[in-house]
Amino acid sequence: MDAVAEARSAYDARAWARAYELLAAAGTLDADDLDRYAVAAMLLGRMDDYYAIRERAYEQLLAQHDLLGAASAALWSGLQRMVSGDVVVGGGWLARAARLIEEDGTDSVPAAVLRMSEAFGAADLEQALAISNEAVAAGRRLGNRDLVGLALHQEGLFLLELGRTANGLAKLDEAMVELTSGSLSPMVTGIVYCGAISGCWTVYELRRAEEWTAAMTRWCDAQPELANFTGECKVRRAELKQLRGAWTDARKDLAGVSTADIDLWAAGCAAYVRGDLDRLQGHFADAEECFTEASRLGYDPQPGLALLRLQQGSVQAAAAMIRRCLSESQNDAKRVEVQFAAAEILVASGDLEAAEKAVDALADLASKCRTTIVYALQEQAQAMIRLAEGRPDSALTPARAALRRWVELRAPYQEARTRLLIADACRALGDNESADRETSTARQTLENLGAVAEPRRPEGLLSPREIEVLRLVATGATNRVIADQLVLSERTVDRHVSNIFTKLGVSSRSAATAYGLEHKLV
């Protein structure tokens, strides 16, 4: 067997390093072998070599007057550069491909791929969706399964972005059928896996995300030399384990993702998830380092960093961070995270009006995503607001609805958090037995997870009016002066001051002031 034939066998066996070495040692390669050579380089994470091989193929095929072959090489070089953020050079290669495709003038796969890529520069999502639909039809007409798989998954992602969740997930399901049939090339398989799993996370469709992550894990494990695509697989697997409460196993997966990986997004996300786990377990210094590392890698450390500040008692700093996050444009998955964190932080800061806006935004996202986890987060946040407003009776309904969903999802940490809300509501209504039962169950769950017990932050227990009164108490104002300033009766102020003392566990105005200063309430 000659070297090229042996390389083809190694490629088919997914022995990427062997295939790469043999093809590198070979002389002139035909179009198919140049493609194998480039794909092997990409899967091994040798991206500089990948671009060099694609460009070598372009020059060789152009010299052979193989216009479509040269266009295909230029296309894949340009598309990958664009994905990697090298827009100028990537755009130049796409322009070369477009010129050759126009010169050829036939109905071809490169022409369809180029047209499909135009979806990302479309005027709006509806046009992008139409272009993707055209690409699916072209792939079927031309008998190219790679094009069909890529276009279906792209169509699904645009539908999800448009809020057509059921249709979008159906398209991703269809793309995954193409993938699991084994008919897609290795590079396209990795792209579709990552895109479909990422799409599921944008709407928190965790059942599919879990199934597809498991399938991608098997695909990655069958190729020990694989360097590309593995980082995102490990991060997504870790995120699912974090949700399920398998925090030790999640850390093991995250340990396998480092800044040495070619996927900086995966490395940054892994640092963020590690930071969030450290925050939940009370390792605040480690969490700070991880969030800093995530930021250095270009991954936004919010809302984890704001929640860390809240746990550290820096309420106003946390509120400033989350308000800044709320002003930024984000995808739906990030918005869900930010809005839920905003509800908690803004309740803690006493800004219930802004917190209610966050809950309303979560309700809109839940209507758009239509997935269990977003509904649960919205209900849990709504319960927080109602408790802070002094309406424990109306807090119980959304809290119990959220609890049922978290139990269904097997999400122990959020289940424990929700049980603590139910306990607070029951206790406020005088049902101490039920409150003690829910508190005991929650604390046992948190202990099993190794999570720090949620601190009973006084700022979350005081009503906005009580916080106003406390701030005036801290200035040394008497109850009569406070009543005049807030346009209340002195008797009402007396009651507010008494409630503040009870909730904070203090017995004097000076002690309440000290507590307020310590917890950034005044």
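Me: Hi! Which side chain does Glu-118 meet in a salt bridge?
Reply: Arg-115, at 2.8 Å from N to O. A salt bridge here is a side-chain nitrogen of Lys or Arg within 4 Å of a carboxyl oxygen of Asp or Glu. Keep in mind that this is a predicted model, where local features need pLDDT of at least 70, side-chain atom pairs count only at pLDDT 80 or more, and totals for chains, interfaces and linings use all residues. Residues are numbered from 1 along each chain as its sequence is written, and side-chain values use heavy atoms, leaving out hydrogens and water.

Me: Which residues do salt bridges with shared partners join into one network?
Reply: Arg-8, Asp-30, Asp-33 and Arg-36.

Me: What's the N and O distance for Asp-33 with Arg-8?
Reply: Their closest N and O atoms are 2.6 Å apart. Asp-33 lies in helix α3 (residues 31-43) and Arg-8 in helix α1, so this pair ties together parts 25 residues apart in sequence. Helices are DSSP runs (H or I, at least four residues), numbered from the N terminus. Asp-33 is buried, with a relative accessible area of 2%, while Arg-8 is partly exposed at 33%.

Me: And which residue does Arg-18 pair with?
Reply: Glu-6, with the closest N and O atoms 2.9 Å apart.

Me: How many salt bridges are in the whole structure?
Reply: A search of the whole structure finds 38.

Me: New topic: how do α11 and α13 cross?
Reply: The axes of α11 (residues 186-202) and α13 (residues 230-244) come within 11 Å and cross at roughly 30 degrees. That makes the two helices roughly parallel, a label for angles under 35 degrees. Axes are lines fitted to C-alpha atoms over the stretch in contact, with angles from 0 to 180 degrees between N-to-C directions.

Me: Which residues of α11 and α13 meet?
Reply: From α11, Cys-194, Ile-197, Ser-198 and Trp-201 meet Glu-232, Arg-236, Glu-239 and Leu-240 of α13, where contact means heavy atoms within 4.5 Å.

Key
Parallel < 35°, antiparallel > 145°, perpendicular 65-115°, else oblique. Buried < 20%, exposed > 50% of the residue type's maximum accessible area, 1.4 Å probe, protein only.
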